[in-house]
Amino acid sequence: MNKSISVKKVEMPVRNAAEVVATLDNAHVPFLKIDTVNWAEFPYKPEVEFRAAHTGDALLLNYRVTEEAVRAAAPADNGPVWEDSCVEFFVTFDNKNYQNIECNCTGTILSAVGPDRDHREAAPIELLSGVRRHSTLAPGHLPAEGPVSWEVSLIVPVETYFASDLKSFSGVKARCNFYKCGDKLPTPHFLSWNPIGTPNPDFHCPEYFGDIVFE
C-alpha cells in the first residue's frame, strides 16, 4: 500500500510555532492518522494524528497524541528522542538520501541525513536551533499518570534540509513517512502512517515511504 499526502501552501507568514494550530485550522488542513501497527509483538496503538502545510520557505507540522504515559528524557537536540514519547517525519527529495526530523513531546528534536540507518550525518545544531517548536507539555513537569494528551507544532525552515538543493517547498514532489514511537516507554510502540513490510521494527526504510506533494 502506498499512501499519498498533498501539503497545502498557506500564504500568510507564521513567525511563532504557537500560531501553527490556528494557521492550519484557518486553512482547513485536515488531520491524518498515524495508526499502522506493522509488528504483532508491539500491538499498542496510542491515538496519533498529524497535519502539514507549508509557506514556501518553511514546513508547518502539527501532531496530536493521546497515550497511556509520556517520557521526555533526551537532554538536548540530537539526543535520543526516539526513546521518549516521539513523533517523526522522514523525507527524501532525491530518492537517494533521506532526512529525519524526530521530536519528543516537549519539543526536543533530532535530525540527520543519509542513505540508510548506518550512514547518517547529524544536522548542525545551529540549523536545528532555527526550527521553532511549541508543545502543550512543559519540560520538567510531565504528568505522572496517564492517559496523557499532548500536542506539538514545528516550523521547519527549508534550510534545515541542509544536504539537499531545496530552495522552496513549492511544487516539490517527494517521498516520506510519519511515525510515532516510544522505545523506553512502559509500553514500547512503533506506529507508521504508510505501512512497513520489514520483519522487525525499523523506520529507516525509504522503500516503504509514501508520496508527498507540496502545492
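**Thr55 and the fold around it**

The side chains of Thr55 and Asp57 are joined by a polar contact of 2.7 Å. This pair belongs to a predicted model. Thr55 lies in a loop. That loop runs between strand β4 (47-54) and strand β5 (58-67).

Is Thr55 buried or exposed? Its relative accessibility is 18%. Buried means under 20%, so Thr55 counts as buried. Which residues does Thr55 touch, leaving aside its neighbours within four places in sequence? The contacts are with Lys9, Val10, Met12, Val14 and Leu60.

The chain as a whole contains 2 helices and 14 strands. Its radius of gyration is 16 Å. The globule rule gives 17 Å for 215 residues, and the two values are close, so the chain is as compact as a globular protein of that length. Along the principal axes, the C-alpha atoms fill a box of roughly 40 × 35 × 30 Å.

Burial extends through the chain: 51% of the 215 residues count as buried. Contacts were also sorted by sequence separation. Among contacts with a separation of 6 or more, 65% come from residues 24 or more positions apart.

The chain exposes about 9,700 Å². Carbon and sulfur atoms supply 51% of that area. The chain carries 19 positive and 29 negative charges.

Key. Residues numbered from 1 in each chain as written. Predicted model: local features only at pLDDT ≥ 70, side-chain atom pairs only at ≥ 80, totals over all residues. Heavy atoms only, no water. Helix = DSSP H or I, 4+ residues; strand = E, 2+ residues; numbered from the N terminus. Rg over C-alpha atoms; globule rule 2.2 N^0.38 Å. Buried < 20%, exposed > 50% of the residue type's maximum accessible area, 1.4 Å probe, protein only. Contact = heavy atoms within 4.5 Å. Areas by Shrake-Rupley, 256 points an atom, 1.4 Å probe, with all protein chains shown as cover. Lys, Arg positive; Asp, Glu negative; His and termini not counted. Charge placed at Lys NZ, Arg CZ, Asp CG, Glu CD. Polar contact = N/O pair within 3.5 Å; in protein donor to acceptor, adjacent residues only side chain to side chain.
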